[in-house]
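This report covers a nonpolar core, a ligand shell and the pairing of strands. Please have the sequence and the model open while reading.

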Amino acid sequence: MDSLVIYHSRSGNTKKVAHAIGSVVGAEVKDLEYVKPEDVKNNSLVGIGSGCYYGRPAEEIVEFLKDLDDLEGTPFFVFGTHGGQTSFLCILQSKIEEIGGKILGSWSCNGETYKGRFEGHPDDKDLEDANKFAISILSQMR
Ligand SMILES: Cc1cc2nc3c(=O)[nH]c(=O)nc-3n(C[C@H](O)[C@H](O)[C@H](O)COP(=O)(O)O)c2cc1C
């Protein structure tokens, strides 16, 4: 099964989670910067991750989704890191559903903020939880 995990990460918090999830799923893990819309098409499972910015997913992710064709029921999952607000993932999820993606699950944890809140997060425990989330996604693909 070909799978792809795409992330956008300003400070590296979401990148850590992307790699943790990608290693369990056996997915190629790519920074959004290096992903073309056509890369999404050839995969049977796609994960998209972002930090929370002003209550929303990163604008770069939102713009990227606008360039995708009809996803025709392709299974997706969403994940991210935040400073307390989790609704950005609902926004991300809705945008994927609007273009025909099927959401299998959603997961997030705190990420250290530029103000120093949640120092050290995502930590080992967060990454362990991310791994469990990835296992639950994989179990739906069998
Ligand atoms: C400019 C800016 C705005 C942010 N806005 C929010 C916000 O509205 N809600 C929230 O929970 N966290 C907010 N955060 C915290 C980030 O979501 C958090 O640090 C996250 O882990 C960043 O992920 P990244 O480094 O992978 O992009 C903000 C951080 C920055 C730098």
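The sections below take the basis of the model, then the core, the ligand shell and the strands.

## Basis

The model is predicted: local features require pLDDT of at least 70, side-chain atom pairs count only at pLDDT 80 or more, and totals for chains, interfaces and linings use all residues. Residue numbers start from 1 along each chain as its sequence is written.

Helices (H or I, at least four residues) and strands (E, at least two) are DSSP runs, numbered from the N terminus.

## Nonpolar core

The largest nonpolar core has 30 residues, and the members that touch the most others are Val5, Ile21 and Val78. Such a core is a set of buried Ala, Val, Leu, Ile, Met, Phe, Trp, Tyr and Cys residues joined through C-beta atoms within 7 Å. Two or more residues of this core come from each of β1 (3-7), α1 (13-25), β3 (45-53), β5 (75-82), α4 (87-98) and α5 (124-140). α1 gives the largest share, five residues.

Beyond its neighbours within four places in sequence, Ile21 is in contact with Val5, Gly47, Phe79, Ala130, Phe133 and Ala134. Contact here requires C-beta atoms, placed from the backbone, within 7 Å. In soluble globular proteins, nonpolar side chains tend to be buried together.

## Ligand shell

The ligand is surrounded by 19 residues, the closest being Ser11, Thr14, Gly51, Gly83 and Gly111. At least two shell residues come from each of α1, β3 and β5, and β3 gives the most, with three.

The shell consists of 14 polar, four nonpolar and one charged residues. In this classification Ala, Val, Leu, Ile, Met, Phe, Trp, Tyr, Cys and Pro are nonpolar, Asp, Glu, Lys and Arg are charged, and the others, Gly among them, are polar.

Eight of the nine residues of β3 are buried. Buried means that 20 or more other C-beta atoms lie within 10 Å of a residue's own; exposed means 12 or fewer, and partly exposed lies in between, with C-beta atoms placed from the backbone.

Strands pair if DSSP finds at least two bridges between them. β3 runs parallel to β1, with five bridges, and Ser3 stands opposite Leu45 in β3. Six bridges join β3 to β5, also in parallel; Gly51 has Thr81 in β5 as its bridge partner.

With β4 (residues 56-57), β3 pairs in the antiparallel sense over two bridges, and Cys52 stands opposite Pro57. The hairpin of β3 and β4 has two residues between the strands, and Tyr54 in this hairpin takes a positive phi near 55°.

Terms used
Contact = placed C-beta atoms within 7 Å. Near = placed C-beta within 6 Å.
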